[in-house]
Amino acid sequence: MKNIFKNIIGYEDIKKTLTRLIDVLNNKEKYERLGSTIPHGLFIYGEPGTGKTSFSNAILDNVTNRKKYTIRKTKSDGDFIKYIETTFTDAIKNQPSIILLDDLDKFAKNEKDSYNQEEYVVVQAQLDKIKEKDVFVIATVNNKKILPDSLLRSGRFDIKIRIDDPTEEDSLKIIDYYLNKKKIDNTVNINNISQILVGSSCADLEKVCNQAGLYAGFLNKEKIGMDELVRASLELKYDTNLEDLNKEDKYSLSVAYHEAGHALIGHLLEPGCISFITIAKNDSATNGMTIYHNNEYYYHDIDFMINRIKVLLAGKAATEIIYNKCDTGSGSDISRATEIAGRLIDDYAIYSFNSYVTRTSSNATKQNRDEGISMLLTKYYGEVKALLLSNKELLDAIAITLDKNKIMFEKEIEDIFNKKVEETSIWKSI
């Protein structure tokens with residue numbers, strides 16, 4: 001069978017499912033001979049830019065011997081409703097046929113009362129009309145929560161597929177795919193770019209690669225370099241402008257120590273958990289960022305959760321060790337650490353059973369919970385400070401490098417650790 005989804009990178013499980021569906025639609029007789037009922041609808045949902053329409057168009061392109069229709073909200077309300085009805089009527093007349101309802105959640109104007117919107121009532125009625133007909137319907141949706149439950153029940157859309165943002169592995173393939181179409185120099189590290197853009201949609205990955213080319217062109221460069229890709233990535237994902245880092249900032253080194261604290265403790269407790277660190281300001285006006293790898297065991301292993309608390313507290317601890325003053329940039333870190341500590345107490349009773357809060361809990365129980373959170377954070381903060389002090393040379397090396405380069409990736413942090421190990425080994429051998 002030909003490669004139906006050759007222009008869509010990754011999503012192999014979804015491709016397999018849709019390839020089988022295309023075979024069903026093209027060869028329904030062999031399935032009917034087995035006594036199987038041919039499905040009438042496919043519902044594809046997920047965040048914007050994840051490739052829902054691309055998958056749908058690939059199906060339309062590869063379904064043979066079916067009249068094809070596409071419905072998008074391009075008309076005023078009254079005319080649009082008539083257009084929906086006319087299209088379904090025509091599809092029934094010309095069966096076998098296939099209809100794409102593209103961006104179904106945009107068919108109605110008022111999302112607050114979408115359950116009663118006439119557009120959805122009409123679509124539901126039309127879906128009921130084709131139950132005994134050879135008409136297949138595909139619907140793409142960004143926000144399925146605004147749609148009536150009755151519209152989504154089995155019998156109307158028998159197959160439902162969620163398309164998430166690409167995995168880290170798929171992101172790497174997608175970035176490589178788009179950059180292969182462009183001229184890039186030997187400074188480009190696709191792995192590092194993928195680390196910045198983890199969790200981005202396919203559309204955003206394409207946009208970054210294109211934007212980097214525009215930056216390079218403005219600088220009259222013959223090839224796209226790493227600087228342009230990093231700039232485009234940070235601007236798109238975090239609303240960060242690396243050009244601002246060229247300005248003098250007397251606080252840049254203290255911010256670097258804060259982020260270096262996160263990176264050092266992260267690497268000590270869970271090597272490879274840090275994607276990158278930067279002292280660039282982001283869209284929340286935070287001076288610097290530390291971005292973590294997603295860990296599939298995070299919500300299933302208490303040790304991972306405790307380690308994350310320690311990593312969050314490490315920025316505050318590092319700043320206070322070096323400058324002997326309170327870190328005013330650690331508010332969000334403390335808030336997130338407190339949230340995780342609360343989860344440990346609420347969900348896993350890590351502190352004690354008399355701190356588990358319910359709706360009917362007494363004030364004493366609530367006070368026990370607060371004391372438990374405080375105890376955990378104080379305990380872990382002390383452990384983090386001790387770790388930082390015993391590894392201060394590594395802390396200094398990371399902070400100074402970060403202050404100079406403005407951004408550091410996992411590999412660069414690992415190289416500093418490896419260099420320290422080598423120096424220690426040489427010293428011990430003398």
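This is a chat about a predicted model of one protein chain.

Student: What should I know about the model before we start?
Tutor: It is predicted: local features need pLDDT of at least 70, side-chain atom pairs count only at pLDDT 80 or more, and totals for chains, interfaces and linings use all residues. Residues are numbered from 1 along each chain as its sequence is written, and side-chain values use heavy atoms, with hydrogens and water left out.

Student: How many helices and strands does the protein chain have?
Tutor: There are 16 helices and 8 strands. They are DSSP runs numbered from the N terminus, with helices being H or I of at least four residues and strands being E of at least two.

Student: And how many of the residues count as buried?
Tutor: Of the 430 residues, 47% do. Buried means under 20% relative accessible area, exposed is over 50%, and partly exposed is in between, using a 1.4 Å probe and protein chains only.

Student: What share of the contacts comes from residues 24 or more positions apart?
Tutor: They account for 71% of the contacts with a separation of 6 or more. A contact is heavy atoms within 4.5 Å.

Student: Switching to aromatics. How many pairs are there?
Tutor: The count is 9 aromatic pairs. Rings of Phe, Tyr and Trp (its six-membered ring) pair if their centres lie within 6.5 Å; planes under 30 degrees apart are stacked, over 60 edge-to-face, and the rest tilted.

Student: Why is the pair of Tyr238 and Phe276 edge-to-face?
Tutor: The ring centres of Tyr238 and Phe276 are 6.0 Å apart and the planes are at 65 degrees, so the pair falls in that class. Tyr238 is in helix 10 (residues 226–238) and Phe276 in strand 6 (residues 274–281), 38 residues apart, and the pair links distant parts of the chain.

Student: Is Phe276 buried or exposed?
Tutor: Buried, at 0% relative accessibility. Tyr238 also counts as buried, at 11%.

Student: Which class does the pair of Phe276 and Phe409 fall into?
Tutor: Tilted, because the planes are at 45 degrees, with the centres 6.1 Å apart. Phe409 is in strand 8 (residues 407–409), 133 residues from Phe276. Phe409 is buried at 4% relative accessible area.

Student: Which residues do ring pairs link into a cluster?
Tutor: Phe5, Tyr11 and Phe55. Phe55 is also one of the buried residues of helix 3 (residues 52–62).

Student: What does that side of helix 3 pack against?
Tutor: The buried residues of helix 3 pack against helix 1 (12–26), strand 1 (41–45), strand 2 (67–71), strand 3 (97–101) and strand 4 (135–141).

Student: Where is Val135, and what is it in contact with?
Tutor: Val135 is in strand 4 and is buried at 1% relative accessibility. Leaving aside neighbours within four places in sequence, Val135 has contacts that include His40, Ala91, Ser97 and Ile130.

Student: New topic. How many salt bridges are there?
Tutor: A search of the whole structure finds 19. The rule is a side-chain nitrogen of Lys or Arg within 4 Å of a carboxyl oxygen of Asp or Glu.

Student: What does Asp134 form a salt bridge with?
Tutor: With Arg66; the closest N and O atoms are 2.8 Å apart. Asp134 lies in the loop between helix 5 (118–129) and strand 4, and Arg66 in the loop between helix 3 and strand 2, so the pair ties together parts 68 residues apart in sequence.

Student: Are those two buried or exposed?
Tutor: Asp134 is buried at 16% relative accessible area, and Arg66 is buried at 7%.

Student: And the salt bridge of Arg162 and Asp164, what is the N to O distance there?
Tutor: It is 2.5 Å. Arg162 counts as partly exposed at 45% relative accessibility, and Asp164 is partly exposed at 38%. Elsewhere, salt bridges that share partners join Lys28, Arg66 and Asp134 into one network.
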